[in-house]
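Subject: Handover of a structure and notes on its contents

Dear colleague,

Please find below the structure that I am passing on to you. My notes follow directly after it, and I would ask you to read them with the structure open.

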Amino acid sequence: MPKQRDIAAALREEIEDGRFPEGRMLPTEERLTQRFPASRQTVRKALSALAGEGLVSKLRGSGSRVRALP
């Protein structure tokens, strides 16, 4: 399984479990590259996947924020 899927799955679980509640900013890409030993591009792909699912909104220059869960 590609690394970005692993990262997206881990963050998805944390969002769904409430560790990252609605409206909260996710850690920065830099912090996520440290947490999940991966390139920044891989982390960006994972965040884009979560944005595509409607779980996060990416704010250019500000990071990613958790959206309201359905």
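In which strand is Ser-64 found? Ser-64 belongs to strand S2, which covers residues 63-66. Please keep in mind throughout that this is a predicted model.

Is Ser-64 buried or exposed? Its relative accessibility is 5%, so Ser-64 counts as buried, the limit for that word being under 20%. Leaving aside residues up to four places away in sequence, Ser-64 touches Arg-24, Met-25, Leu-26, Leu-47, Val-56, Ser-57 and Lys-58.

**Salt bridges**

Side chains of opposite charge can pair when their charged atoms come close. How many salt bridges does a search of the whole structure find? The search finds 7, and I describe some of them here.

Arg-12 forms a salt bridge with Glu-53, with 2.7 Å between the closest N and O atoms. Arg-12 lies in helix H1 (residues 3-16), whereas Glu-53 lies in the loop between helix H3 (40-52) and strand S1 (56-59), so this pair ties together parts that are 41 residues apart in sequence. Arg-12 is partly exposed at 23% relative accessibility, and Glu-53 is partly exposed with a relative accessible area of 43%.

Arg-35 forms a salt bridge with Glu-14, and here the closest N and O atoms are 2.3 Å apart. This pair links distant parts of the chain, since Arg-35 is in helix H2 (residues 29-35) and Glu-14 is in helix H1, 21 residues apart. Glu-14 counts as buried at 9% relative accessibility, whereas Arg-35 is partly exposed with a relative accessible area of 38%.

A further salt bridge joins Arg-19 and Asp-17, whose closest N and O atoms are 2.8 Å apart. Arg-19 is partly exposed, with a relative accessible area of 44%. Asp-17 has a relative accessible area of 52% and is therefore exposed, as the limit for that word is over 50%. Through shared partners, salt bridges join Glu-13, Glu-14, Asp-17, Arg-19 and Arg-35 into one network.

**The packing of H1 and H3**

Two packed helices are described by the angle between their axes and the distance between the axes. What is the angle at which H1 and H3 pack? The angle is about 50°, and the axes are 8 Å apart. This makes H1 oblique to H3, and the crossing of the two helices is right-handed.

On the H1 side, the residues that meet H3 are Lys-3, Gln-4, Ile-7, Ala-8, Leu-11 and Arg-12. On the H3 side, they are Thr-42, Val-43, Lys-45, Ala-46, Leu-47 and Leu-50. The residues of this contact divide into 7 nonpolar, 2 polar and 3 charged.

Yours sincerely,
A colleague

Terms used. Residues are numbered from 1 along each chain as its sequence is written. This is a predicted model: local features need pLDDT of at least 70, side-chain atom pairs count only at pLDDT 80 or more; totals for chains, interfaces and linings use all residues. Side-chain values use heavy atoms; hydrogens and water are left out. A salt bridge is a side-chain nitrogen of Lys or Arg within 4 Å of a carboxyl oxygen of Asp or Glu. Helices (H or I, at least four residues) and strands (E, at least two) are DSSP runs, numbered from the N terminus. Buried means under 20% relative accessible area, exposed over 50%, partly exposed in between (1.4 Å probe, protein chains only). Axes are lines fitted to C-alpha atoms, for helices over the stretch in contact, and angles run from 0 to 180 degrees between N-to-C directions. Angles under 35 degrees count as roughly parallel, over 145 as roughly antiparallel, 65 to 115 as roughly perpendicular and the rest as oblique. A crossing is left-handed if the near helix is turned anticlockwise from the far one by less than a right angle, and right-handed if clockwise. Contact means heavy atoms within 4.5 Å. Ala, Val, Leu, Ile, Met, Phe, Trp, Tyr, Cys and Pro count as nonpolar, Asp, Glu, Lys and Arg as charged, and the others, Gly among them, as polar.
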